Amino acid sequence: MTRFLLKRLGLAVITLFLLSVIVFAVSTVLPGNVGRAVLGPFATQESVDALNEQLGANRSIFVQYTDWAGGLLHGDLGTSLTKQVPAWDLLRPALSNSFKLAFVAFIICVPLSILGGVIAGLRYGRPTDKGITIAGISFAAMPEFVTGIILILVFAIWLGWLPVTAQWEEGANVLTQFKYLLLPALTLTLVLFGYIARITRASMIEALDSDYARTAYLKGLPSSVVVRKHVLRNALLPTIAVIAVQVGYLVGGLVVVEVLFNYQGIGLLIYEAARQKDLPLLTAGVLVVGIVYLVVTLIADILYAVLNPRIRFGTAE
Amino acid sequence: MSAVASPTPSPAPVRSEARAARSERLRLLLRSPTVLIGATVIGFWLFCAIFPGLVAPYNPIFDNQFSTSEPPNWSHPFGTDTNGRDIFSRVLAGSRNILLIAPAATLLGTLLGTILGLLTGYLRGVVDDVASRLIDAVLSLPLIVTAILIVTAVGNSSRWVVVLIIGLIFTPIVSRTVRAAVLAEAELDYVQAARLRGERAPYTMYSEILPNVMSPVVVEFTVRLGYAIFAVASLTFIGFGVAPPSPDWAAQINQYWTLIDPYWWMTLFPALAIAILVVAVNLVADSVREVYER
């Protein structure tokens, strides 16, 4: 177990380092001339040079990277060009808003999709199963803005049950906030539903077909007990791994959903930084998204290992 | 279609066995109602993309100041937009960009991903280790975030830039799948035999292993195609994709969704068009996966 943890942690650190190199390369090397990229083709050469001087973009690439990465290690993510404040001061509140939305999406999505997958698995091959599977595939394939717009149209505009945007007024209580978050969370849920339900369904079918399930049935246990005590426990393990992978997707989905619902999260911040060509803020935001993903998958891997006795007792890598 | 009509005779029995498996798969696919429905829908949009003039009742880019912002009615079944353009015609003509960019990007990604997967799976060792770590790092960023970063850095989002970006992001994803398949194949006798014969690595990869890992490649291609449509539409919606003068579903939504109340028809119909296309593509992809993985 300790060896597994150390190995996993080491890999995460290497991946993080490579991620920082890639993000740096794309944002600094790819534009060719950072000052020109930010100010556009009509800016004077003097102002471009001045901006490059201010950003330190006239130094060698290697010096720039070590300087930037050194700052990262001290918690310095750079300074926003348009707002002239440390990037982290903008990213922190945005990140916590995004977590709030992701949390609401998760508490709706995970039980719902597991339930869907379990029902489909129990009704394998019948119309209920086909219906859940096709609905899952269809919603998973639809871009978030398409589902989001249809949800807005139905629930916010035609029925008038929920607000159109996700930005509540200052000082709103938790319940009001939840109401505002419901539509964006539902949009994310619909996309995620298919993936999670699909894996749950597949592992349900496998577990139901296993020898231990048959034994349990044959020794006369009622099927509710077999499903609850024997099948579900084994079927849910792969689901955890899939849920973790979906977190990565969730962050990507957040960009579009936050833009659509005008919600001040990290996705909207990245979008606005890109629109305003605020490269330092954009770079910091993208890096933070990558770090969040790496941390979440690390936690999920550890959780999976803790829950899976084969890894816990070190018989498998 | 001409590929089916002219089969070349092959002497090797192994080949004909492979062909039998292929026609069996094709038969299974053509028998499935989901594939037929999906293929019909895709065919319809392809037809619209190639001959927009034949299906659209009005000129999709013609402004008509006498009929601005009309809700759906008999002469304009989907209504008109703020410039008085017929939305029905614009929806019919709006599939072009997506049907050009998404398949091109998927093709590029599958091609590069297959090459990378063959290399890392066959050569293993340092090449594989380095590539795997890099792939992990790239994949820790969501596609849309990577795309926004690259588009901003390059300062350009023309058609081919979008194709290149999505293709390059797909490369590591495809290569992972292909690599896994190659690892399994590389242990088999025919690969060992080729090695002992002294065949060069490129020959072994291309002529021996590649034909045997085509199933996952085909599956990846169809599944990725769905994601590519997803990605192209999402990028265009947030204004980082192609901004065409010609009608485009996602661009129409980008332009009109803030007016959704009360002008819902300007947004809803292009949104439904995207929904119908992606569902069709994914129904086909799902059946392809089922048939190839059985």
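R124(B) sits in the loop between α6 (96-123) and α7 (125-139) of chain B. The model is predicted. R124(B) is not a glycine, yet its phi is positive, at about 50 degrees. Is R124(B) buried, exposed or partly exposed? There are 14 other C-beta atoms within 10 Å, so R124(B) is partly exposed.

Chain A holds another non-glycine residue with a positive phi: K277(A), near 55 degrees. K277(A) lies in the loop between α11 and α12 of chain A. Because 19 other C-beta atoms lie within 10 Å, K277(A) counts as partly exposed. The cut-off for buried is 20 or more.

A further backbone feature is in chain B. The peptide bond joining D261(B) and P262(B) is cis, with omega about 15 degrees. P262(B) belongs to the loop between α13 (249-256) and α14 (265-292) of chain B.

| Site | Angle | Location |
|---|---|---|
| R124(B) | phi about 50 degrees | loop between α6 (96-123) and α7 (125-139) of chain B |
| D261(B)–P262(B) | omega about 15 degrees | P262(B) in the loop between α13 (249-256) and α14 (265-292) of chain B |

### Helix packing

Two packed helices are described by the angle between their axes and the distance between the axes.

In chain A, α6(A) packs on helix α8 (residues 174-208). The angle is about 135 degrees and the axes are 7 Å apart. That angle makes α6(A) oblique to α8(A). The crossing of the two is left-handed. From α6(A), the contact takes I132(A), G136(A), I137(A), F139(A) and A140(A). From α8(A) come L190(A), V191(A), F193(A), G194(A), Y195(A), A197(A) and R198(A). By class, the contact of α6(A) with α8(A) has nine nonpolar residues, two polar and one charged.

In chain B, helix α10 (residues 189-196) packs on helix α11 (residues 201-209). Here the angle is about 145 degrees, and the axes are 11 Å apart. α10(B) passes α11(B) in a right-handed crossing. Which residues of α10(B) meet α11(B)? They are Y190(B), V191(B), A194(B) and R195(B). Their partners in α11(B) are T204(B), E208(B) and I209(B). The contact of α10(B) with α11(B) divides into four nonpolar, one polar and two charged residues.

### Where the chains meet

How many residues of chain A are in contact with chain B? There are 39, and they touch 39 residues of chain B. On the chain A side, the elements giving two or more residues are α1 (2-29), α6 (127-141), α7 (144-158), α10 (223-261), α11 (266-275) and α12 (279-307). The chain A side that touches chain B comprises 32 nonpolar residues, six polar and one charged.

I144(B) has contacts in both chains. This residue lies in helix α8 (residues 143-154) of chain B. Is I144(B) buried or exposed? It has 27 C-beta neighbours inside 10 Å, so I144(B) is buried. Leaving out residues up to four places away in sequence, I144(B) touches G252(A), V255(A) and V256(A) in chain A. In chain B, I144(B) touches A231(B), S234(B) and L235(B). D129(B) is 15 residues from I144(B) along the chain, and their C-alpha atoms are separated by 26 Å.

How values were computed
Residues are numbered from 1 along each chain as its sequence is written. Chains are lettered from A and ligands numbered from 1 in the order in which they are written. This is a predicted model: local features need pLDDT of at least 70, side-chain atom pairs count only at pLDDT 80 or more; totals for chains, interfaces and linings use all residues. Two residues are in contact if their C-beta atoms, placed from the backbone, lie within 7 Å. Helices (H or I, at least four residues) and strands (E, at least two) are DSSP runs, numbered from the N terminus. Ala, Val, Leu, Ile, Met, Phe, Trp, Tyr, Cys and Pro count as nonpolar, Asp, Glu, Lys and Arg as charged, and the others, Gly among them, as polar. Axes are lines fitted to C-alpha atoms, for helices over the stretch in contact, and angles run from 0 to 180 degrees between N-to-C directions. A crossing is left-handed if the near helix is turned anticlockwise from the far one by less than a right angle, and right-handed if clockwise. Angles under 35 degrees count as roughly parallel, over 145 as roughly antiparallel, 65 to 115 as roughly perpendicular and the rest as oblique. A residue is buried if 20 or more other C-beta atoms lie within 10 Å of its own, exposed if 12 or fewer, and partly exposed in between; C-beta atoms are placed from the backbone.
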